Every structure is written in structure tokens, then in C-alpha cells.
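We will take them one at a time.

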Protein chains: 2
Amino acid sequence: MKNFDTVSLSFDTNNHDHGRCIHTAMKVADKLCLSRSVRLTPARRRVLELIWESHHPVGAYDVLSRLSQESGKTAPPTVYRALEFLMEQGLIHRIESLNAYVGCAHPAEEHAGLFLICTDCGCAAEVHDEAIDQAIVTKAATLGFRPEQRTLEVRGTCPDCRPNT
Amino acid sequence: MKNFDTVSLSFDTNNHDHGRCIHTAMKVADKLCLSRSVRLTPARRRVLELIWESHHPVGAYDVLSRLSQESGKTAPPTVYRALEFLMEQGLIHRIESLNAYVGCAHPAEEHAGLFLICTDCGCAAEVHDEAIDQAIVTKAATLGFRPEQRTLEVRGTCPDCRPNT
DNA sequence: CTGTAAATGTTATAACATAACAATGGCGAG
DNA sequence: CTCGCCATTGTTATGTTATAACATTTACAG
Ligand SMILES: [Zn+2]
Ligand SMILES: [Zn+2]
Ligand SMILES: [Zn+2]
Ligand SMILES: [Zn+2]
């Protein structure tokens, strides 16, 4: 069982102790919400758990159908409100190019992520890189543009889906 | 009247000779399609013109309603097919975070753009930066990820919407 | 307790996108 | 020329993603 903390293993979605990912994510979320005096209600918590069930981005309506199975009829606003809350708290990220949501592994820190999305297996790894951040900030400054938020999603093939070469 | 070729004026959507932008874009599109032996049919050409009416990304249904006004009832597939064609030919880009489309100023060259999107005026400037490209490629390589396509959209305030400071 | 604000439930609809099949039209082989 | 093919366009229906608007319930401070 490999150690998920190693960034390059973010991709290795089937061969790590994902229970640990979930457990850690939920514990961090609890602590964070407590410290911020915001309420991680059962509904919100459950949505977060569902999103964390894998490292694959998950659509709002996937979450919705899971909730409906578990708890009887559920309407879209229930899910979207939870997603909105989780986004505000930085507990999840939205993948714009997939209209889907994925858990954030570093919700406590302010950060601009970069997502490497495998078009083969569908997994999405959030990574960070100072050189990229710097290059974007520098370019924006050159043009007199004040950046506030950004989306950076790279689609391609992850190491696990390209065992050879 | 300023010269649009200057990159930093990409933002200056109201104060440049935009007729020239349109004219150039359409001429380049014609030439490119001819050289590739693909057909820039009247419908496709008109959609491209509508997208080029400004430097603001425009939604598929905005295009649709314009077409309906001009040509009578038009259905969504008409627009989406044209958009698909224009994307394939690199004549437009899709802005994922807005579900909208914008003309490409450099359709002849293979390129990965970076969009600076002003949340105040709504304009979107496509810029390119070798340092950013390089940083992303390097990071991906480090992780064993083979990048194929990417989305990079930065939201913030453009120079025109922040005259002071 | 009770008033109030946050959270959730409910219904309806908006906004974005594609599937499936029919009809038309450009264009080269014969 | 004209036939046949394939790209293009038309048409209808539906799928997918997201929000508006208002009612009801719940947490919890005072
Ligand atoms: Zn995991
Ligand atoms: Zn994150
Ligand atoms: Zn212009
Ligand atoms: Zn471009």
C-alpha cells in the first residue's frame, strides 16, 4: 500500500489506502468548520463524503441520485447548496471542463490549484507549482490585469494509464 | 484609435478599430479554410461573425437568438454544429468557466491560450506566454503526466476597469 | 421559551447541450 | 450530364446542468 502523501501518487487512485484519504478529509473538514464557526451539517457532510468516494470528479446529479437512494426524493437545490457551501469553505473544487466537483486535499490553505485530469481513467490530481503561479502572476501584471481567481485544468494521460514507454 | 496588435490593448474593447478585428478575422478564416479544403459555409461564417462582434465571450444561445432574428426559427444543433466546426479549425475558443465562446486571434498557429477575463466589463483577452507553457509542461513531466489539452482562465479586473491605482 | 436567522424542502423553470433521423446539396466517377 | 455518395443542414425530441422563488423547519442566543 503506497503512501498517498507522495504527490505523484495522486494518480494512483486504485492502489492506495483511500479510506485514509476520506478519513483525513472529513476530519480536516470538521476541524476547519469548527474553527470558522460554520456548520458542516449532516447534509453537507454527506455530500462531501460522496465527493470523496474517489479521486474522480463527480457531477452534481451523480451526488443527487446517491442522496435520493439513501434518503428518498431529493431535489437539485439540496445538492447545489451543499456544493456551494463546500466551495466557499474551500473543501471542494469545481472542475469547469467537466462540470464536476472533486475534494480538495489542502482546504486549510489558500491556494490556486492545477488539475491534471486523465482522459483515460478519469482521475483528477490536484497539484501545486510555484513556478506556474509565478509565471501567471507575472504575465498578468505585465498586462495590467489584476488576477483574482483562476482555472487551470490539463487533460492528458496519467502515469497509470501509460505503463509502457 | 489604438492599434489592436498591441497585446495589452486586447482589453480595450471599446476604444479600438474593432471593424478591423472582424475584417481580419474573417479574411484569415476564409484563407485558412480554403487552404485546408474545409468549407466555411454561410451558416458557419455567420456564426463566426457573430462571435467576433465583440471581445466578450458569447453563449451558444445568444448566437442562436441572433440567428433566429435574422433567418427565422433556428434550432440549437445548427449553432452547436457551427461551433464544433469552428473549434475544430481553431477559429474560436471555448471559455469553460463561462460556457461561452470567443474568437481566436491566431487560428493559424497551434497554440494553448491563456484567457484573462474581466469580471467587471466581461471582456476576455487571449494571451500567450512561453514561461507559463514551459512551467506547466515541466510540472506535468515531473509527475509522469502526458498533457494533451488545457484550460487556463484567469478571472480578475482588466486595466480599463481599474483606471486608478 | 421565544424571536430570529440559517438551513432545508418544494415546485417550477432557466440555461446549456446532444441524440436521432430526415432532407438537401455539392461534387466527383462514370 | 447524371447518378450516387457523403457532407451539411433541418427538425423534433430529449438529456444534462443549474437556479429562482417561496414555504417550512431547525438551531440557538438571549
Ligand atoms: Zn485516495
Ligand atoms: Zn485544493
Ligand atoms: Zn476588436
Ligand atoms: Zn487562440
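Here is the tour, stop by stop.

This is a predicted model, where local features need pLDDT of at least 70, side-chain atom pairs count only at pLDDT 80 or more, and totals for chains, interfaces and linings use all residues. Residues are numbered from 1 along each chain as its sequence is written, chains are lettered from A and ligands numbered from 1 in the order in which they are written, and side-chain values use heavy atoms, leaving out hydrogens and water.

**The sheet.** Start with the open sheet of six strands, ordered β4(A)-β3(A)-β5(A)-β5(B)-β3(B)-β4(B), with mixed pairing. Strands here are DSSP runs of E, at least two residues, and helices are runs of H or I, at least four residues, numbered from the N terminus; two strands pair if DSSP finds at least two bridges between them. At the edges, select 124-127 of chain A and 124-127 of chain B: these are the β4 strands, each pairing on one side only.

**The strand pair between chains.** Now select residues 146-157 in both chains. How do β5(A) and β5(B) pair, parallel or antiparallel? They are antiparallel, over 11 bridges. For one bridge, click A:V154, whose partner in β5(B) is B:R150.

**The helices across the sheet.** Next, show α5 of chain A, residues 130-142, which lies across β3 and β5 of chain A and β3, β4 and β5 of chain B, at about 135° to β5(A). Angles run from 0 to 180 degrees between N-to-C directions, with axes fitted to C-alpha atoms, for helices over the stretch in contact. Contact means heavy atoms within 4.5 Å. Then show α5 of chain B, also residues 130-142, running at about 130° to β5(B).
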